[in-house]
Amino acid sequence: MTTDTPVPAVNGHSGDLLASLKQQAVSWTSKRARAFSSPTIYAPNLPYECGGAREFNSYVLYALVAGIPYLVKRLLCLSLSTYFIMTAILALPIGALSLVVHSWIVSPPTEQICALPNEPLESYITILDKELRAKYAGGKIPMEVFFESYFDGDIDLKGDALAIFEKRYDWAFFPITLRVAKFFVLQWIPELLWHSKKQDETQVRDHYDRGDDFYAAFLGERMIYTSGLVGDSERRESLEELQDNKLRDVCERVQIRPGDRHLDIGCGWGTLVAYAAKNYGSESVGVTLGRNQTAFGNARAAEWGVGDSARILCMDYRDIPRRPRYNRITCLEMAEHVGVRKFQEFLLQVRDMLEDDGLFYLQIAGLRGAWQYEDFSWGLFMAKYVFPGADASCPLNWVVGQLETAGFEVRTIETIGIHYSVTLGRWYENWMKNKDQIVKTYGKRWFRVWEIFLAWSVIIARQGSSTCYQILAHKNRNAFDRSALLRKPYGHGMPSGSQ
């Protein structure tokens, strides 16, 4: 193609812009080899940006919220006081409807570093349902329609799920569909507002008491359902190494010492509890609502020779005895399930259970504030199929604000989303290896739900849509010995550069 030949518009981009994107894609390919050179990372091959917060015009929203009730007021000759009442009542529905409409019409950001391949939909998936095929053949399919149809058996994948999802922007888009809106209004919001003990117990036991073999199929020997940590980026660490790195990191971060009373809230299968007791000499107690997890954790503690110093209790976190207090409290990816409405109450309970010189370690999944519509699609998929009731996954500033309001001082924060992506990738590989057994025991639908969850989440965690925070905190008291938490600055002890 000569420089005089115009490039046709594709995907709503002008020809000149598409040519620019193709040039940038060449640059991206060379940079990718350097940026994602670690053999442990699942590197992207099409890091396309989705429309979202940056494209959503808040001023238009404010105009609609104020203008629509004003038009009704003028048409019906209503009083000014009625206008203000009507504006307050309609603000939320207008905002929600605006978001729904915008999700269908938003264009992708123009600042892309790669161009889409523009392969036909049929290159990625096979639509078996005739009506569905007639509706979406040759175009793109809403992501929610895709995964619901895939779970129902109306769509098949043409290849590996992770590889296909890496190119998802070439065959899918992320509108808020009617089914998503109904789930949000009729299930997600009521669960957020309620969070009773009975609700939490039902959700946890329905999820985690499904069968230990189900979870072992991807969690592996350690049976840890939280992010591991990459220790050596120069080689491909196993899942067990990632989780062992995390276990050591948590125990060292909270400075567990022999004889410390240690509480792990939402302990899962109890691996951290048994590990701390065995390797650090703590008196550790774990709490979970899962019956299977309780039995597994106590059996593991006995197997490791720490049955007297590592115990798993089956109870709601709200029923944990508050005395005697604990020297160390850990909570890894359970606080999301406490819920937004109960979160402050939960933190106040933790503070009351913690010794004045104790440390609190909170590992919590979170979302980015500068959201994209894919983030919504993934988040509500997770709420429906994988982690129901986990509505306290919020941006970091909200979590920090809640901790400070509850009387904690935040000491350190680490963002470990890329570590989570690696962990999820190892889970995905395990899951695919065990496909036949899972399908035989639990059916094709359950296999496919977790296949999409794990594959999609590898990408979501890597690109920052959702991430995970390690937060170390202590009581914000004048007498707390903050010198015990001093660490050396990065580069300390290295030769000084020229002044």
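# A guided tour of cavities, helices and cores

The structure holds three cavities of 30 Å³ or more, a cavity being a set of points on a 1 Å grid over the protein atoms alone where a 1.4 Å probe fits but cannot get out, and a volume being the space filled by probe spheres set on points joined across faces, edges and corners. This is a predicted model, in which local features need pLDDT of at least 70 and side-chain atom pairs count only at pLDDT 80 or more, while totals for chains, interfaces and linings use all residues. Residues are numbered from 1 along each chain as its sequence is written, and side-chain values use heavy atoms, with hydrogens and water left out.

Begin with the largest cavity, which has a volume of about 90 Å³. Select Glu144, Phe147, Glu148, Arg179, Val180, Phe183, Ser377, Leu380, Phe381 and Lys384, which line the largest cavity (lining residues have an atom within 4 Å of a point). Helix 5, helix 7 (178-194) and helix 14 (373-385) each give two or more residues to this lining, and helix 14 provides the largest share, four residues; helices are DSSP runs of H or I with at least four residues, strands are runs of E with at least two, and both are numbered from the N terminus.

Next, select helix 5 (residues 143-151), where nine of nine residues are buried, that is, under 20% relative accessible area with a 1.4 Å probe and protein chains only. Just after helix 5, Gly153 takes a positive phi of about 85°.

Phe146 of helix 5 is among the buried residues there, and together with Tyr225 it has the most contacts inside the largest nonpolar core, which has 79 residues. Such a core is a set of buried Ala, Val, Leu, Ile, Met, Phe, Trp, Tyr and Cys residues joined through side-chain atoms within 4.5 Å. A second, separate core of 29 residues includes Tyr317, Ile329, Phe346 and Val350.

Now move to the second largest pocket, in which about 400 Å³ of space lies; a pocket is an open set of points with protein on both sides within 12 Å along at least five of seven lines. Among its 14 lining residues, select Arg253, Thr412, Leu472, Leu485 and Arg487, the closest to its centre.

Finally, select residues 84-105, which UniProt lists as "transmembrane region" in an unreviewed entry. Over residues 84-105 the chain is 100% helix and 0% strand, with the end C-alpha atoms 30 Å apart.

Note on methods:
Buried means under 20% relative accessible area, exposed over 50%, partly exposed in between (1.4 Å probe, protein chains only). UniProt positions are given in the numbering used here, feature names are shortened, and annotations may be inferred rather than shown by experiment.
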